[in-house]
Amino acid sequence: MDFGMKNRLSRIIKPKTGKTVMLAVDHGYFQGPTTGLRDIKKTISPLVSHADCLFITRGMLRTSINPGTETAICLRVSGGPSILGELSNEDITTSMEEALRLNASGVGMSIFVGQENEDRTISNLGRLVNIAERYNMPVLAITAIGRDMARDARYLGLACRIAAETGARMVKTYYCEDFYKVVEGCPVPVVMAGGKKIPEKEALQMTANAVKEGASGVDMGRNIFQSDSPIGMIKAIKAVVHRGASVDEAYEIYNKSKK
Ligand code: R5P
């Protein structure tokens, strides 16, 4: 692997632990001003330095993030449809030049396996990888799940493997039973998305399970920024991911911060 690619990946996945805590705040690219991200600058500013990497669109990066940040940036570069339309109808919306100008350490896009536009989104991933590799820019593929899709190891394993086969350097997917099977079949690092907000202790347990089953960390949004203590939650998630802290210990970190 070339220096540039390795160096960018090391900004995202910390070499000391081989893990990452990515903070996902890209939800507005199809959801608009989501709960917790209405005033993205206000909510996210205190959290940025606690994350290893921020997963964000170029618009929010430009307007709402301090350029002096030492946190790595992974840029969401796909989009198109809003929550009112057909979500799988995505295309690449942000150029590689823009990603380089913004000093991104990675770029990310969604694929919609088993859904309308499956083939186009996977071809888009291939095209993005073709360009990104020229500049040693790692591509994170996100396995988007339609409302009717089964969230099981068979389906997520299929989607993650296709992402890796198409050239993604990292894959983001959701937690499921037998998550280790998803990781086993995917030769590039897998990070877990948090999904809908659940009670804090459950989110910590899910993170601990995912890491134990081989995840390289998380790219988590709502379970952090919609928590009653976003700082407490990101600190607790970090403890689980980087230190292998127990769920009880991590929950205590969250609780203390809340007080
Ligand atoms: C979807 O909007 C994005 O890919 C999110 O970055 C991803 O779902 C992670 O965020 P959350 O933990 O809120 O699911």
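Colleague: How many residues does the largest nonpolar core have, and which of them have the most contacts inside it?

Modeller: In soluble globular proteins, nonpolar side chains tend to be buried together. A nonpolar core is a set of buried Ala, Val, Leu, Ile, Met, Phe, Trp, Tyr and Cys residues joined through side-chain atoms within 4.5 Å. In this structure the largest nonpolar core has 71 residues, and those with the most contacts inside it are L23, V25, I44, L54 and V107. The greatest contribution to this core, seven residues, comes from helix α7 (residues 153-165). A second, separate core of 14 residues includes M5, L9, A24 and L140.

Colleague: On what basis are these values to be read?

Modeller: This is a predicted model, in which local features need pLDDT of at least 70 and side-chain atom pairs count only at pLDDT 80 or more, while totals for chains, interfaces and linings use all residues. Residues are numbered from 1 along each chain as its sequence is written, and side-chain values use heavy atoms, leaving out hydrogens and water.

Colleague: Which residues is L54 in contact with, once its neighbours within four places in sequence are left aside?

Modeller: With contact taken as heavy atoms within 4.5 Å, L54 touches L23, V25, I44, V48, I65, T71, A72, I73 and C74. Among these partners, L23, V25 and I44 are named with L54 as residues with the most contacts inside the largest core.

Colleague: How many salt bridges does a search of the whole structure find?

Modeller: Side chains of opposite charge can pair when their charged atoms come close. The search finds 14 salt bridges, each a side-chain nitrogen of Lys or Arg within 4 Å of a carboxyl oxygen of Asp or Glu. One of them joins R120 and D91 (3.6 Å, N to O). This pair links distant parts of the chain, 29 residues apart, with R120 in helix α6 (residues 118-134) and D91 in strand β5 (residues 91-92). Another joins R169 and E133 (2.7 Å, N to O); R169 lies in the loop between α7 and β8, E133 in helix α6, 36 residues apart.

Colleague: What is the volume of the largest pocket, and which residues lie nearest its centre?

Modeller: A pocket is an open set of points on a 1 Å grid over the protein atoms alone where a 1.4 Å probe fits, with protein on both sides within 12 Å along at least five of seven lines; lining residues have an atom within 4 Å of a point. The largest pocket has a volume of about 1,200 Å³. Its lining comprises 41 residues, with F30, I145, R151, Y174 and R222 nearest the centre. Elements giving two or more residues to this lining are α2 (28-31), β8 (170-174), β10 (217-220) and α10 (222-225). Helix α2 supplies the largest share, three residues.

Terms used:
Grid points are joined across faces, edges and corners, and a volume is the space filled by probe spheres set on the points. Helices (H or I, at least four residues) and strands (E, at least two) are DSSP runs, numbered from the N terminus. Buried means under 20% relative accessible area, exposed over 50%, partly exposed in between (1.4 Å probe, protein chains only).
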